[in-house]
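I wanted to look up how one chain is built overall and then how a couple of its residues sit within the fold. These entries keep to that order.

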Amino acid sequence: MPWPDQGPPPATDPSVDPNVVHVPFLVDDYFVPNGCFGDGDCGGGVISINSRACLDRPASAQGVCRLYTYTPLAAGAPGFQGYLGILFQDVGAKSEGHIGRVPPLAVQPGAKHSVFWAWVGSGSVEVSFRAGGANNWEGKTDASLPYRDTFGVPKDVTLTKDFQKITIDLADVTYGDVVSPFGWAITTHGRTEPIQLYIADVRWE
Amino acid sequence: MKRAFAAVWLSLPLVFAACRNEDAFLGGGHEAYRCSTRCAVEQGAPAESGDWFFNQEAKVGDAPEIIYPLSGAAHPLDLRQLTVQFRRGRGDFQLFRVRVAVPDSGLSYDFFTRCLSVHEDGCRYQLRGGVWDNARDELLGKAAVLTVTGSTGLHGFIKSSAALPLTIVESNLVNKGFYYWTTVPQYSGSDPMSDTGIFRLPFGADQAEPFIMSNTRTNTRQCGACHSVSRDGSTIAFTARNYDGGPEDQRSGSLVTTPTAQPNNHLIDATVPGTYDSSMMALSSNGKRVLVAFDERLELRCSEAAGASQYKPGEVIAALAKADLGGKSGYFPEFSPDDAAVALTLSDTPDSAIAVQAGDIVVLAVDLAKGTFGQPKTVVPGSATVFHFYPTWSPDGRFIAFASAPRETGEDGRPRKSYDQKMARLRLVRLEDLQTFELSNATQTVGKWSTYPKFAPFQVGSMSFLTFNSKINYGLIVDNDAQTDDKVAQLWMSAVDTSKLPEDPSSAPIWLPFQDATQSSHLGLWTRDVKCRTDIGGSGCDFGQKCVNDVCVVTVK
């Protein structure tokens, strides 16, 4: 995105709408990873989130780095679904985090992409990242729930131990209110050993 | 060529713009800005960012306004991050230069960033990493200023914030221990949804680790907020309480002490539920004695391991009742650095087990070897209009910092109390002449709950560091002023340079960056170091640390 040269400014300052989240922004400044779905309905220790565990992070990171440790349930185990995902959402009333019950935030139009860094503790893991998609994951919507994203942009990436800078293109997305600007999901394909997923510095810009 | 063309093109509307009192680009050349060792360009900012700031100063519109750091803040050399927060000013500013410079010296560091949005019209930029490390080293002790300049474009206009004084000070705090009470949300999937308890870290670490946590082996009861840690870092004491069904005035709870290397293995374990023997307490410097305030009396108890002395763990060595303290009750004790005295609040108007409605700051001589106390000496008397509480010794033992608040009816219609006191302000008494001084720069504004001061037990020359809780705004990230009921207390630190007396010796405070800004943090306490845990596997230290000579040290740079 080239930066435009600017001519003389308007006679008055453009107003800054205080009711919208302005782009660019750090997702963690407005949203939290409270929307979990998948194995065991995220109970019983299948997922832990640690904000203290990033021993190293990209030098340019301005935002939070988190370690997600997902311990998949074995096929046939109670609650087994074969996947787990987490969506970032606003903190709902009374700490509500259930996907579809958390209202959206108004986000300034014009974001071109969501960008972040990700890596895993060992091996290689395919992760489905997503911008949007709350109560609208691959077109599936529960109409009985009050809120959903009107868009969902997927990005499937195979992660290794090396830092990867990942971009989700939003250029063709029309949005206004955003329930979940960022999320991820992992399908286990029978894997049961714990997966350590690191994600840092998630931005919309 | 492109630039020259733009200058000619843009000069055309100059006449008209000037007539309307608007800005107009006048053109002009400069040598291209070279971003070298004293410069950093943030992700997403253009490579030629430096060239955006050779423009003419805008005549219209607002300049950026720095909200954090606070004017006159003293930033410790050991603290590796500083999140600058500013209002963007003109809405068409596209790029910002955060500059830390020593005026008239040629020394300046530039950081170029877009506006990473925070709050309604604010921006944030976190200074961290190699360039900021070098900047702190080079700016150490110099009278630096921070400015934020906005630019509308490569050939646009600029406007700068007011220059904000900022000093980098020698601190020697790295790897010193810090313990505090807070809550950390766990968000998805966890049960419980948050970790609540006493956390700790070696100073310089990015994050604190959970240490004494409710409903775990470290604290089998529901709450353990009131705590003390020995200056040598060896021992922690806290009151373990169950709040379900307990009395509202907090007259419940049992003393626990434990080596910090083995918080699962208590030296003094909580007694049977229903026994009340502890509210607030102070450990001696080596952790071998603990002075417990509860039920309007003080008890000096042994906190050594069995067989280490003539006393059993937990044995009461001496007790002081109201009659021994001039008819008043003792609260909030803290041993002097040499353990020869105790500072405390004496009150004849208690509020609860952990709070008073009136109080003096007194010093009590103590002989720990003999287990005896002298007569109380009042160093800051309370009055009908003001009371004093939460005393803490300076590292050299010459001063005591404390909090004061007016004796009046509070917002709840009840007499003001020391706990959760909105009107608290920070003060200092010099013991040699009992002269008191306001720490106004540290307090910032009365009415923001600036309270519970604790000196770090180390100093550099005449400068020491004072941490406290406050509900002042953390820039734009924590806007407590906009909240009515959900204000968030955070931990702040001010440098106190007693060579400045009788002027205010305190600096504007800095926010301690290892906190979660969405959660309240309280009761910060300093120790010489953080002991490696030996009751768990691994190194006994948190992420990004290693155990060296039984002490956790920060390794992540």
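The entries below go from the whole chain to single residues.

Conventions. I am working with a predicted model, in which local features need pLDDT of at least 70 and side-chain atom pairs count only at pLDDT 80 or more, while totals for chains, interfaces and linings use all residues. Residues are numbered from 1 along each chain as its sequence is written, and chains are lettered from A and ligands numbered from 1 in the order in which they are written.

Chain B. I counted 4 helices and 39 strands, taking both as DSSP runs numbered from the N terminus (helices H or I, at least four residues; strands E, at least two). I noted that buried residues make up 54% of the 557 residues in chain B, where buried requires 20 or more other C-beta atoms, placed from the backbone, within 10 Å of the residue's own.

Ile168(B). I found Ile168(B) in strand β12, residues 164–169, and it counts as buried because it has 22 C-beta neighbours inside 10 Å. Leaving out residues up to four places away in sequence, Ile168(B) touches residues including His75(B), Leu77(B) and Arg136(B), a contact being C-beta atoms, placed from the backbone, within 7 Å.

Ser347(B). I located Ser347(B) in strand β24, residues 341–347, and recorded it as buried, with 25 other C-beta atoms within 10 Å. I also checked a pair 77 residues apart along the chain, and the C-alpha atoms of Ser347(B) and Ala270(B) are separated by 27 Å.

Terms used: A residue is buried if 20 or more other C-beta atoms lie within 10 Å of its own, exposed if 12 or fewer, and partly exposed in between; C-beta atoms are placed from the backbone. Two residues are in contact if their C-beta atoms, placed from the backbone, lie within 7 Å.
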